[in-house]
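The following note sets out points for a colleague to consider while inspecting the coordinates. Please read each point with the structure open.

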Amino acid sequence: MSQNPYAGRHAGTQDDRTGDASHDGRHRTNTDQSEHPVTDTPDAAASALPGTVRLRVAPSPTGDPHVGTAYMSLFNLAFVRQQGGRFVLRIEDTDRARFREDSEQQVFDTLAWLGLTWDEGPDVGGPCAPYRQSERLGTYRPYVDRLLAEGRAYHCWCSTARLAEMREQQQQAKQPTGYDRLCVGRTEEERRALPGFSETPVVRMLIPDDAPLEFQDLIRGTVSAPRPDDQVILKADGFPTYHLAVVVDDHEMGITHVVRGEEWISSTPKHVLLYQWLGLEPPRFAHMPLLRNADKSKISKRKNPAARLTWFQEQGYLPGALVNFLALLAYPPAEGAEGEDVEVFTFEEFSARFDWADVNPVGPIFDLKKLDWLNGVHIRALDVDDLASRLLPFLQADGVLGDNPSLGELARLRAVTALIQTRMVHLTEASALVAPFYAPDDAVEVADDARAQLTDDAGDVLDAASSSLEALPDERSGLLGSDASWTAPAIEAALREAVVDGLGIKPKFAFGPLRTAVSGRRVSPPLFESMEILGKTATLTRLHALRATL
């Protein structure tokens, strides 16, 4: 499950009575457990599924993917890869009221962008297909029928209005809210004679008084949960609720470990009961700490744009940096050779040292400043060609480069990338740094703050610099012209002699006008290297253009 309950499923809530009643799933029967066939993958078959361990993430396509989906996927996948297991992507799309058609593809795209790849799923198939819950509807009914036949569940004909009135009365009386079991032990005709009757019943679990409320958690040890209500497991529209579907799907897909957010702790007793009633081996549970905002509230897409996975792509974060960050949120840094904390690591390094016992159960604060630092570190670690290719889509989106840049433009981009690599925190910052290198040399746009800092001697500086650079050779020699005379060291030496020594201006102030002429900015990539990239003719044209405006 994703860490965030954005799928519209909340532990202990009354489920919708409306929806599409069509059943387009498939079901293969099995008769090895009782006269009520309930599974198409019995335990023997499940044990034969590939993977030493089998873990899953099961997001709901109800909007932009939540960062919690990546958070859960990361910890699932780290354990799976370490153990040589299988990672399953299952789409829980039975919330038809909030279903969004493009959301499923966004889940695929964002997880793939992060490198959190799955072994089985709707798009890649697998031995437990189908992997969309809406395509498995025929699978759940036999389980419900068995629970009804064995007295573990019952039909509830209470209308939505009657349930709302009941909860309001409970709240006014300051009583715990929960179903009052009006329908328990009654036939349809007996219940019809009472107020608040609905023609289409739901099916509820009949929670026993001695329901087990403790379970073992890989992260938290022994966990106690509150006594559950009589949970709806089949809605009036024929769709299963999360609580039934997750147990059935996890069993039939051979899931060995269920990793989900701590908000599902209160639901676990219901799931354990279903496993027991159906004679199924339960998985091991690990309830991850919730991601929290700076005020310790749960991170949500409504209040925090960083809750959307697509936001990180839009803001120019590297996938490796985000994976690194998400791991650190609930897991300690690695230890260096001298015992120091090592906070920068790859997914492979994280997976190799992963242990559920080391996961911190305390809800982590989602600190974007830490992510920014990590992103800068990861940017600086990239190969220049790799970084340039990652910058290109942002530059094209901002109109700095066209859809089909020339070889010359790409060559210049590589050179500029090497200059700005240490100056970026986000890939989105590249456009402002790179744009001057592609501006018309005689029409570089000068920013207001850059023009405002020009002093009275700016004209003298530009004149001296132009004369000095005009005298500097621009020649190439050696194999294929590999030895150039127009280089950053040569440019620097000429300008220091002409401006610093010749005009007696301190270096701190000497090169400001030149920087403004070359880039149009008060702060820019290294000046002399920028001039080398632009070339002699372009550099002089830019110096003359600014001089003409003074």
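The expected span of a helix is 1.5 Å times one less than its number of residues. Helices (H or I, at least four residues) and strands (E, at least two) are DSSP runs, numbered from the N terminus. The model is predicted, so that local features need pLDDT of at least 70 and side-chain atom pairs count only at pLDDT 80 or more, while totals for chains, interfaces and linings use all residues. Residues are numbered from 1 along each chain as its sequence is written, and side-chain values use heavy atoms, with hydrogens and water left out.

1. Helix α12. This helix covers residues 368-381, and its 14 residues should span 20 Å at 1.5 Å a residue; the end C-alpha atoms are 20 Å apart, which agrees. Its buried residues (under 20% relative accessible area, with exposed meaning over 50% and partly exposed in between; 1.4 Å probe, protein chains only) are L371, L374, N375, G376, V377, H378 and I379. The cover over these buried residues, judged by contact (heavy atoms within 4.5 Å), includes α9 (309-314), α10 (319-330) and α13 (384-397).

2. Helix α22. With 12 residues (536-547), α22 reaches 17 Å from its first C-alpha to its last, close to the 16 Å expected. K536, A538, T539, L540, R542, L543 and L546 are its buried residues. They pack against α16 (448-452), α17 (458-470), α20 (512-519) and α21 (527-534).

3. Overall form. The protein chain has 22 helices and 13 strands. Its radius of gyration is 32 Å, well over the 24 Å that the globule rule gives for 550 residues, so the chain is more spread out than a compact globule. This radius is taken over C-alpha atoms, and the globule rule is 2.2 Å times the number of residues to the power 0.38. Along the principal axes, the C-alpha atoms fill a box of roughly 105 × 50 × 45 Å.

4. Of the 550 residues in the protein chain, 52% are buried. Among contacts with a separation of 6 or more, 78% come from residues 24 or more positions apart.

5. Charge. The protein chain carries 57 positive and 80 negative side chains, and the centres of the two sets lie 5 Å apart. Lys and Arg count as positive and Asp and Glu as negative; His and the chain ends are not counted. Each charge is placed at NZ of Lys, CZ of Arg, CG of Asp or CD of Glu.

6. Residue G63. Is G63 buried or exposed? G63 is buried, with a relative accessible area of 5%, and sits in the loop between β1 (54-57) and α2 (67-83). Apart from neighbours within four places in sequence, G63 is in contact with R100, S103, Q106 and K301. From C-alpha to C-alpha, G63 and L543 are 52 Å apart in space, and 480 residues separate them in sequence.

7. Backbone geometry. Most residues other than glycine have a negative phi, and most peptide bonds are trans. A cis peptide bond, with omega about 5°, joins A129 and P130; P130 is in the loop between α3 (103-113) and α4 (137-149). K174, which is not a glycine, has a positive phi of about 55°, and R181 has a positive phi near 65°. K174 lies in the loop between α5 (160-172) and α6 (188-192), and R181 lies in the loop between α5 and α6. K174 is exposed, with a relative accessible area of 78%, whereas R181 is partly exposed at 29%.
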